[in-house]
Amino acid sequence: MEAEVEGTMMSGRDQEPSRYYVGIDVGTGSVRAALVDQRGLLLAFAEQPIKKWEPQFNHHEQSSEDIWAACCLVTKEVVQGIDAHRIRGLGFDATCSLVVLDKEFHPLPVNHEGDSSRNVIMWLDHRAVSQVHRINETKHRVLQYVGGVMSVEMQAPKLLWLKENLREICWDKAGHFFDLPDFLSWKATGVTARSLCSLVCKWTYSAEKGWDDSFWKMIGLEDLIDDNYSKIGNLVLLPGAALGIGLTPEAARELGLPSGIAVAASLIDAHAGGLGVIGADVRGHGLTCEGQPVTSRLAVICGTSSCHMGIDHMVQGHPAFPELQAKATARCQSIYAYLNSHLDLIKKAQPVGFLTVDLHVWPDFHGNRSPLADLTLKGMVTGLTLSQDLDDLAILYLATVQAIAFSETSQTAFYMETTSKQIKVEANKYPNNSTSVNMENMNRR
């Protein structure tokens, strides 16, 4: 049974601001909604779990209808008790999952079972290994926009997999292929426009040149070119641009909002997080970036793809996990809060980080998306002993957290180094305009 919506009210509501805004964030395991005012203060928050299926290894699926229903639940939760006519805008961000609909916008199956309710190939799905290898072997010029090598988690290999494996029940009937953020904005407005954010990062679209016909022909998906790319998007908007005439009456009823509220073109979830962090008001916190231009800031976003999956895998697979669950439940704590407190108990005189001096983790359990784009990489643990008690589990948990943190730091350093070199190269190309930098050439997901 699914958990009920978890809602949180913030004290800022007492001041009755004149304008409200609603943001909806669709993650891997849940949908979250937030109500903020014109000052950017968080007034209410709600969360609702969403379903996931794994019918076979490396196949991960969801339901667009289930996701939309969760969006409606959390939105209704956060707007309770306010004057909804003061809401001035609604925005969505989501994971880069692939939503498949027929020509009448009904769900189509992305599985051999023919279950049309499961019409979303999740971002972490790795079924299209053969397809992405063939795409990368083409060395097509669009690959330069994704670091030279396409990840199996991007949309082109998944589309090719559908054509080669589910032609009759899915591909031939398909009328629309959406990135999940764009599906949500369509659901809210009836507008099939795509966000530049998703298309550039996951679909090989160029902000300067648009779609490249030769790429789709080369990989065997020339049928997507038909009708001016209507199936994957021929109207592309900047993130945040207003869509159509706003919220449709049907969507408004489902979300519990007035119709006509402005709806923004969407963002990928990590990009939305990055924008929020970089644009945050940092005054009064003693940070070095206070008073500096926003271009001096760097945001590191760590979500499910980089953290939770690896940590959950290590913790839940340990023999002491049932004991951990029981003790955490007895204390009314999450398992991770309990592990953190347990580490403090066993660290003795040394800093807690020294507990892992002989234990090391390589965290690429699901391959490496960035910066290597190597799905063949595997995880590794060195320094294991025969111990299987709770102390051992806590130390393994710590080693995994350290490995992920080090990996994120290394990626950041890698990006900064390569981006710095690219800026210098581009600046030399344009000596009279050092700001004329082709950002697409530096985009590595």
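**Pocket, helix and loop**

Modeller: The second largest pocket has a volume of about 730 Å³, a volume being the space filled by probe spheres set on grid points joined across faces, edges and corners. This is a predicted model, in which local features need pLDDT of at least 70 and side-chain atom pairs pLDDT 80 or more, while totals for chains, interfaces and linings use all residues. Residues are numbered from 1 along each chain as its sequence is written, and side-chain values use heavy atoms, without hydrogens and water.

Colleague: Which residues line the second largest pocket nearest its centre?
Modeller: Its lining comprises 26 residues, with Val22, Gly23, Ile24, Val36 and Asp93 nearest the centre. Lining residues have an atom within 4 Å of a point on the 1 Å grid; a pocket is an open set of points where a 1.4 Å probe fits, with protein on both sides within 12 Å along at least five of seven lines.

Colleague: Why is helix H4 called largely enclosed?
Modeller: Buried means under 20% relative accessible area, exposed over 50%, and partly exposed in between (1.4 Å probe, protein chains only). Of the 10 residues of H4 (180-189), 9 are buried, so the rest of the structure largely encloses this helix. Among them are Phe183 and Trp186. A helix here is a DSSP run of H or I, at least four residues, numbered from the N terminus.

Colleague: What makes Gln333 partly exposed?
Modeller: Its relative accessible area is 30%. Gln333 lies in the loop between helices H11 (321-330) and H12 (335-346).

Note on methods
Helix = DSSP H or I, 4+ residues; strand = E, 2+ residues; numbered from the N terminus.
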